[in-house]
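Colleague: Could you walk me through a few side chains and helices here? I would like the cut-offs along the way, please.

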Amino acid sequence: MSTSAFPLSVWARAGQHLQQWLPGLLLCGAIAAASLWAATLPALAERGLSALTLAIGLGLVLGNTVYPRLAASCASGVGLSKARLLRAGIVLYGLRLTFQDMGQLGWAGIAIDALVLSSTFVLAQWLGRGVFGLDPRTSLLVGAGSAICGAAAVLATEPVAKGRASDVAVAVATVVVFGTVATFLYPALFHWNAAHGWFEVSAQQYGLYVGSTVHEVAQVVAAGEAVGRDAADMAVIAKMVRVMMLAPFLLVLSWWLARSERRADHQPMDSGSVKAAAPHSRITIPWFALGFVLVAGIHSLGVLPAALVQAGVQLDTLLLTLAMAALGLTTHIAAVRAAGTRPLLLALVLFGWLLGAGWLLNLWLPQWL
């Protein structure tokens, strides 16, 4: 091949890929645009329904009606949105927070976030597998969504947990249901407590409670602003620190899954022999999670222009919304229905844990520290 022909071949391959991706990208883009617009409507925004949750809902509707007839031409672009664009979106998510946020929260707030995250996820694994008999992937994804940051955590955990589209859809559905309940219940409990005088709770204490226990960022904002600006500011800071814990969580999860695989591979067989270790039982490093920390670190230095950060956040929202649209398109209701009510029951118990144990941690841990 001549040197002059090489660039032409590269451009030709790029053109072929673009031609394959374009129909699916346009479809996901249309869903994302509609969801981003709908998320600005007061009736939806006040209920904490973000563009991400709206995108998967609209994607589910289309995915189970018209999309099967379009799948042949759109599959490549939809797959690109669900995989590579998702990882890019997780990396850019680092532009939403800085390491300085941790300083504003204090050691007690950081400890509360860490304990809420770890206890909720461990409880999800114990209940999901041992009590409700769920598939391990479903337990992992429901636990991650409840423990960290809702749909974004579910999407970030899916490549590490090797979850199926139906597992992800079920986990996201639980986040939507109980996170929406939280946006109404938390402010109601705050005002109810204020009326009866059971506990002395300031707006900032309430905000820390909301940020450390409510699922989605948008839901945190809605629940915080229902009490006041001070509550909303503290809630967002606590939530962003919780989001920052996503990267170390994924690294630990990858190590844990690899260790579990190796242990299973070396279990004795019926004949007394030991099964050889499978070649895939190793740690899968989620590089996008490390990219997330790197971007957050650069943002923390304050060297990025405000306009660039704002544009990056908008691009990040678009990428994540595209990924959610693709997820909805590729999820069949029959597969979600087959999961039954057990994932919802698991999510309900986790919601009760966040509500009750999360409150006790917020009440007592600052006094201990």
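Predicted model: local features only at pLDDT ≥ 70, side-chain atom pairs only at ≥ 80, totals over all residues.

Colleague: Is Asp316 buried or exposed?

Modeller: Asp316 is found in helix 15; helices are DSSP runs of H or I with at least four residues, numbered from the N terminus. Buried means under 20% relative accessible area, exposed over 50% and partly exposed in between, with a 1.4 Å probe and protein chains only. Because its relative accessibility is 0%, Asp316 counts as buried.

Colleague: Which side chain makes a polar contact with the side chain of Asp316?

Modeller: A polar contact is a pair of N or O atoms within 3.5 Å; within protein, one must be able to donate a hydrogen and the other to accept it, and residues adjacent in sequence count only if both atoms are side-chain atoms. At 2.8 Å, the partner of Asp316 is the side chain of Arg96.

Colleague: At what angle do the axes of helix 4 and helix 15 cross?

Modeller: Axes are lines fitted to C-alpha atoms over the stretch in contact, with angles from 0 to 180 degrees between N-to-C directions. Helix 4 spans residues 67-82 and helix 15 spans 306-329, and their axes come within 10 Å. The contact is made by Tyr67, Val78, Ser81 and Lys82 of helix 4 with Leu322, Ala323, Ala326, Leu327 and Leu329 of helix 15. The crossing angle is roughly 140°.

Colleague: How does Arg164 count by relative accessibility?

Modeller: Arg164 sits in the loop between helix 8 (151-161) and helix 9 (165-196). Its side chain makes a polar contact with the side chain of Asp167 at 2.8 Å. Leaving aside neighbours within four places in sequence, Arg164 is in contact with Asp135 and Arg137. Since its relative accessibility is 38%, Arg164 counts as partly exposed.

Colleague: How far apart in space are Arg164 and Thr330?

Modeller: In sequence, Arg164 and Thr330 are 166 residues apart. In space, C-alpha to C-alpha, Arg164 and Thr330 are separated by 10.0 Å.

How values were computed: Residues numbered from 1 in each chain as written. Heavy atoms only, no water. Helix = DSSP H or I, 4+ residues; strand = E, 2+ residues; numbered from the N terminus. Contact = heavy atoms within 4.5 Å.
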